[in-house]
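I went through this model entry by entry and wrote down what I looked up. The notes follow the order in which I checked things.

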Amino acid sequence: MIILTAPFLSGFLLGFLTGGGCRRSDKSEDKQETVTTEVETVSTPEATEEEEAYIPDEISLDEEPGRKEIIYYTKKLSYPKLFNDLNEAHMKVAKAVGLPSPPKTRESVDGQTGKLVRLTDNDYYVVDELRYSVPYLTKGAASELEAIAKAFSDSLQSKSLLDYKLVVSSVLRTEEDVKKLQRSGNPNASDNSAHCYGTTFDITYTRYWREDENEAFMQPYELTKVLAEVLRDRKEAGKCLVKYERKEHCFHITSTH
């Protein structure tokens, strides 16, 4: 009997041991995959970026040592509505009080120094890098630019704001400059421009100049609130014409004297 049942018992024991070994191996592999997945989740780049970007609630960016934003708390004027003098009006004034005719080349401007004033950086404004104009204005226009820039500086001081300078982005254009501007693809390039008579200048409203902004600063749109108030007063006093230029990001200004 023992002899007859021995093969059966051997087969049963062998099957039991073989099946149990497979189950232990499966569990071991499942456990290893779970551990690996957990490790990969914790070490993902997204988690690292979130940790680096996290700022505690009690810390404000405005309270960062050495940096403070100054805000001019006042209602913004409607620039397009307030400064809407058309090109025809600018041209009429420019031809009446400006140069008798546009200079042909930049070299020819030097021959009209008795009628023109060369612009240089000063306490109230800086002249931008000019690619399509030369830093000259008639005496009346140079005086008006100075008056606007000084009034801007005085207004900042009276409001206890920071001291910034205006940036003059375009001035007198010669016929040579107009052709260069047209070749650049600028749709506003025209020889029928008040810029050609020395009476007109552009002041950008996207950039203002300050020596040092390490401790405090103002955003351009806050400074433009102040500049717009100055231009409104000068315009109402009959000292200049002003056009708010969206595409060129500037105030297009023609002196009336």
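I began with the contacts of Thr199, counting heavy atoms within 4.5 Å as contact. Leaving aside neighbours within four places in sequence, I found Thr199 in contact with Ala94, Val97, Gly98, Leu137, Thr138, Ala141, Ala194, Ile253, Thr254 and Ser255. Thr199 lies in the loop between helix H7 (175-183) and strand S5; helices (H or I, at least four residues) and strands (E, at least two) are DSSP runs, numbered from the N terminus. I noted Thr199 as buried because its relative accessible area is 1%; buried means under 20%, exposed over 50% and partly exposed in between, with a 1.4 Å probe and protein chains only. From Thr199 to Ala96 I read 9.8 Å, C-alpha to C-alpha, across 103 residues of sequence.

The model is predicted: local features need pLDDT of at least 70 and side-chain atom pairs 80 or more, while totals for chains, interfaces and linings use all residues. Residues are numbered from 1 along each chain as its sequence is written, and side-chain values use heavy atoms, with hydrogens and water left out.

Next I checked confidence, where pLDDT is the predictor's own score for each residue, from 0 to 100. The chain averages 80, and 71% of the residues score at least 70. Over residues 1-63 pLDDT stays under 50, and the model has five contacts beyond four places in sequence for them. Where pLDDT is low, the predicted coordinates should not be read in detail.

I then turned to H7. Asp177, Val178 and Leu181 are buried there. Seen down the helix axis, the buried residues of H7 fall within an arc of 100°, so they line one face; the arc is taken over the directions from the axis to the C-beta atoms. Lys179 and Arg183 are exposed on the face of H7 turned away from its buried side. Helix H5 (106-109) is included in what covers the buried residues of H7. Just after H7, Gly185 has a positive phi of about 95°.

Last, I searched the whole structure for disulfides (cysteine sulfur atoms within 2.5 Å) and found zero.
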